[in-house]
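This briefing is meant for a reader who is looking at the structure for the first time. It takes up a sheet and then a helix, with the points grouped by topic.

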Amino acid sequence: MRPAAVFTGLIGMAVVAGLLMAGETRLRGGAAGEETVSAEETATAAADAAPKASEPAAISDEQAEIIAGSAEPAAQPQAPPSAGPADGTAPKPADGEPRAETAVGQTASPPAKKPMELARPAVENAGLLSFGERRLQLAGIVPTPADKICGATGRQWPCGMLAKTALRQLLRNRSINCDLETAEWQETVTTTCRLGAQDLGAWLVENGWAEAAAGSPLAWAAEKARQAGKGLYGDDPRRR
């Protein structure tokens, strides 16, 4: 091959390579320019679309009402009225809740009894004393009725009247002390009464002039009087 032909071929290849490189560079530059132009146009359009700071954005009346309504605080729902008894009474607290203290339904403790001096008691029978319309029954005994009759047929005697007389002779209109809640009691009250240190109910049982009540601590004294034939358990003391 001739050297001139070879040289010419090399030059042609170099020219073609230069053209290819130039074309590639141009294509890249054009794409970049187009992208730059598109970005600038987009930014310019956005800037033109945005309202200026000094100019208020125009909105319709309907949009203004919607915005104002959304800005107002939501109305709080009202709590439903609490259900309570129809009679107006306060509802009972649930289990576990503290309960208020109340005096309703509580039974007040009775006042403590204390000795009170009573003058000139009248004897209605062996076990029952009277002060006008008020009466005191001696505790722990069964009062002996004044009309009680004791003894077998043919040997009967008015033991109730004699029991009453025995208590009257013991008292002889002297004052006694009785355990009471108040000196102004009403009707009949059962209590303990004493003449000095002597318990009147115990004296009647020990001498056989009254029987002991069921469950009374004086039952032993009544049994002792029975065995000794005293008072109601014996014969007419007027025949002795």
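Predicted model: local features only at pLDDT ≥ 70, side-chain atom pairs only at ≥ 80, totals over all residues.

- Strands S2 and S3, the latter made of residues 128-131, are paired in the antiparallel sense over three bridges.
- The open sheet to which they belong is formed by four strands in the order S2-S3-S4-S7, and its pairing is mixed.
- Strand S2 (122-125) and strand S7 (188-191) stand at the edges, and because each has a single partner strand, one side of each is left without a neighbour in the sheet.
- On average, neighbouring strands of this sheet are turned by 30° against each other, when direction is ignored.
- Helix H3, residues 159-171, packs on the sheet and touches both S2 and S3, while its direction makes about 160° with that of S2.

**Helix H5**

- In helix H5, which spans residues 219-228, the buried residues are Ala-221, Ala-222 and Ala-225.
- Seen down the axis of H5, these buried residues fall within an arc of 100°, so they line one face of the helix.
- On the face of H5 that is turned away from its buried side lie the exposed residues Trp-220, Lys-224 and Gln-227.
- Just after H5 comes Gly-229, which takes a positive phi of about 70°.

Conventions. Residues numbered from 1 in each chain as written. Heavy atoms only, no water. Pairing = 2+ DSSP bridges. Helix = DSSP H or I, 4+ residues; strand = E, 2+ residues; numbered from the N terminus. Axes fitted to C-alpha atoms, helices over the stretch in contact; angles between N-to-C directions. Contact = heavy atoms within 4.5 Å. Buried < 20%, exposed > 50% of the residue type's maximum accessible area, 1.4 Å probe, protein only. Arc of directions from axis to C-beta.
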